[in-house]
Amino acid sequence: MRWLGLTGPARCWHADLEPHLGHPVASWGGRWQAIGVRLATWNVNSVKARLPRLLEWLDEAKPDIVCLQEIKTTTALFPAAEVEELGYEVAAHGEGRWNGVALLSSVGLDDVSLGFAGEPSYEGEEAEPTLLDEPGLRKPEARAVAATCGGIRVWSLYAPNGRTPESAHYQYKLAWYAALRAVLKDELSQLDQLVAAGDFNVAPTDADVWDPAVFVGSTHVTPPERQALADLRALGLRDIVPKPMKGPHPFTYWDYRAGAFPKDMGMRIDLVYASEAVADRVAGAYVDRDARKGHAPSDHAPVVVDLN
């Protein structure tokens with residue numbers, strides 16, 4: 001039996017071999033299953049550049065499941081050994097100096113999916129070269145990884161930026177969301193415990209940007225992008241809105257320039273979308289603003305969700 005004394009809801013892991021102890025028991029495929037879980041998502045903006053900060057944060061916050069985005073390294077070069085020393089299993093999906101996602105779990109990591117069926121690749125004139133650099137043969141970018149962790153199907157997602165509404169990148173972004181919706185719809189027809197978390201590169205409402213007037217004509221706030229998020233929620237997913245540690249806005253991203261962070265000129269684009277069964281377990285959620293402070297931070301802050 002294993003206990004962790006952590007902030008937030010009490011959490012424990014136990015096997016069905018100890019029912020006499022009087023604790024809730026969950027048996028799942030012969031594996032230990034998390035009854036209480038701390039889940040987090042964080043765009044680290046280069047896992048190598050942020051590794052000391054990541055390891056320190058993992059040790060302090062002690063999340064059980066972590067979705068990472070923009071790892072900016074290959075799968076082979078992801079620092080799995082350092083993370084595994086803290087008790088995590090790792091599933092990384094990276095392609096080099098851009099994009100990349102990962103899942104860390106201390107409560108099991110099963111049925112790993114690197115990418116998803118029907119995931120489009122960017123076919124515009126500015127597409128980065130790949131090993132299959134021919135029209136129609138380019139590999140999808142490393143923007144999604146999924147696994148079953150403690151009985152929850154978890155997706156770590158890094159949506160395309162879109163650049164400008166007039167660009168091919170924008171159309172690629174919308175196509176990517178349409179393909180993702182199809183996959184999540186299929187999984188939700190078979191599973192009740194599902195979380196899709198990560199950097200969605202869309203602010204769901206005007207309240208999720210520091211000044212809506214500044215974003216007029218820009219990506220991240222256009223009606224088609226917001227409709228893509230609405231289409232995901234229409235599948236039965238709920239937006240778990242975290243509490244801010246400071247100020248009135250649960251922003252998760254602040255540009256490095258122009259003192260955006262101390263001025264709270266931010267956006268809420270790092271989201272946790274949970275099925276009803278998972279959303280009903282939420283005991284609390286917050287933006288860890290402290291992780292955005294200090295020397296050489298990511299431009300995103302982690303979102304942490306505690307589940308009963």
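Ala76 is exposed, with a relative accessible area of 72%. Exposed means over 50% relative accessible area, buried means under 20%, and partly exposed lies in between, with a 1.4 Å probe and protein chains only. Ala76 sits in the loop between β5 (65-69) and α2 (80-84). Its C-alpha is 9.2 Å from that of Glu95, and the two residues are 19 apart in sequence.

The model is predicted: local features need pLDDT of at least 70, side-chain atom pairs count only at pLDDT 80 or more, and totals for chains, interfaces and linings use all residues. Residues are numbered from 1 along each chain as its sequence is written, and side-chain values use heavy atoms, with hydrogens and water left out.

## The protein as a whole

The protein has five helices and 17 strands. Helices (H or I, at least four residues) and strands (E, at least two) are DSSP runs, numbered from the N terminus. Of the 308 residues in the protein, 55% are buried. The protein exposes about 13,400 Å², and 54% of this is supplied by carbon and sulfur atoms. Such areas come from the Shrake-Rupley method with a 1.4 Å probe; for residues, only the protein chains shown count as cover. Contact means heavy atoms within 4.5 Å. Among contacts between residues at least 6 apart in sequence, 70% join residues at least 24 apart.

## Helix α3 and its neighbours

Helix α3 has 21 residues and reaches 30 Å from its first C-alpha to its last, close to the 30 Å expected at 1.5 Å a residue. The expected span is 1.5 Å times one less than the number of residues. Which residues of α3 are buried? They are His169, Tyr170, Tyr172, Lys173, Trp176, Tyr177, Ala179, Leu180, Val183, Leu184, Glu187 and Leu188. An α-helix has 3.6 residues a turn, so residues three or four places apart point the same way. The buried residues of α3 pack against β10 (152-158), β11 (194-199), α4, β12 (237-239) and β15 (270-275).

Two packed helices are described by the angle between their axes and the distance between the axes. For α3 (residues 168-188) and α4 (residues 223-233), the angle is about 5 degrees and the axes are 10 Å apart. Axes are lines fitted to C-alpha atoms, for helices over the stretch in contact, and angles run from 0 to 180 degrees between N-to-C directions. The two helices, α3 and α4, are therefore roughly parallel to each other. Angles under 35 degrees count as roughly parallel, over 145 as roughly antiparallel, 65 to 115 as roughly perpendicular and the rest as oblique.

On the α3 side, the contact is made by Tyr170, Lys173, Leu174, Tyr177, Leu180, Arg181 and Leu184. On the α4 side, the residues are Pro224, Glu225, Ala228, Leu229, Asp231 and Leu232. The residues of this contact divide into nine nonpolar, no polar and four charged. Ala, Val, Leu, Ile, Met, Phe, Trp, Tyr, Cys and Pro count as nonpolar, Asp, Glu, Lys and Arg as charged, and the others, Gly among them, as polar.

Leu271 lies in strand β15 and is buried, with a relative accessible area of 0%. Leaving aside neighbours within four places in sequence, Leu271 is in contact with residues including Thr41, Ala196, Phe200 and Leu229.

His220 is in the loop between β11 and α4 and counts as buried at 9% relative accessibility. Beyond its neighbours within four places in sequence, the contacts of His220 include Lys173, Glu225 and Ile269.

Val241 is in the loop between β12 and β13 (253-254) and counts as partly exposed at 46% relative accessibility. With neighbours within four places in sequence left aside, Val241 is in contact with Pro250, Arg268 and Ala285.

| Pair | Apart in sequence | C-alpha separation |
|---|---|---|
| Leu271 and Val303 | 32 residues | 7.7 Å |
| Val241 and Val272 | 31 residues | 7.6 Å |
| His220 and Val209 | eleven residues | 9.6 Å |

## Two positive phi values

Most residues other than glycine have a negative phi, and most peptide bonds are trans. Asp264, not a glycine, has a positive phi of about 55 degrees. Asp264 is in the loop between β13 and β14 (266-267) and counts as buried at 15% relative accessibility. Ala296 has a positive phi near 50 degrees. Ala296 is in the loop between β16 (282-287) and β17 (303-307) and counts as partly exposed at 35% relative accessibility.
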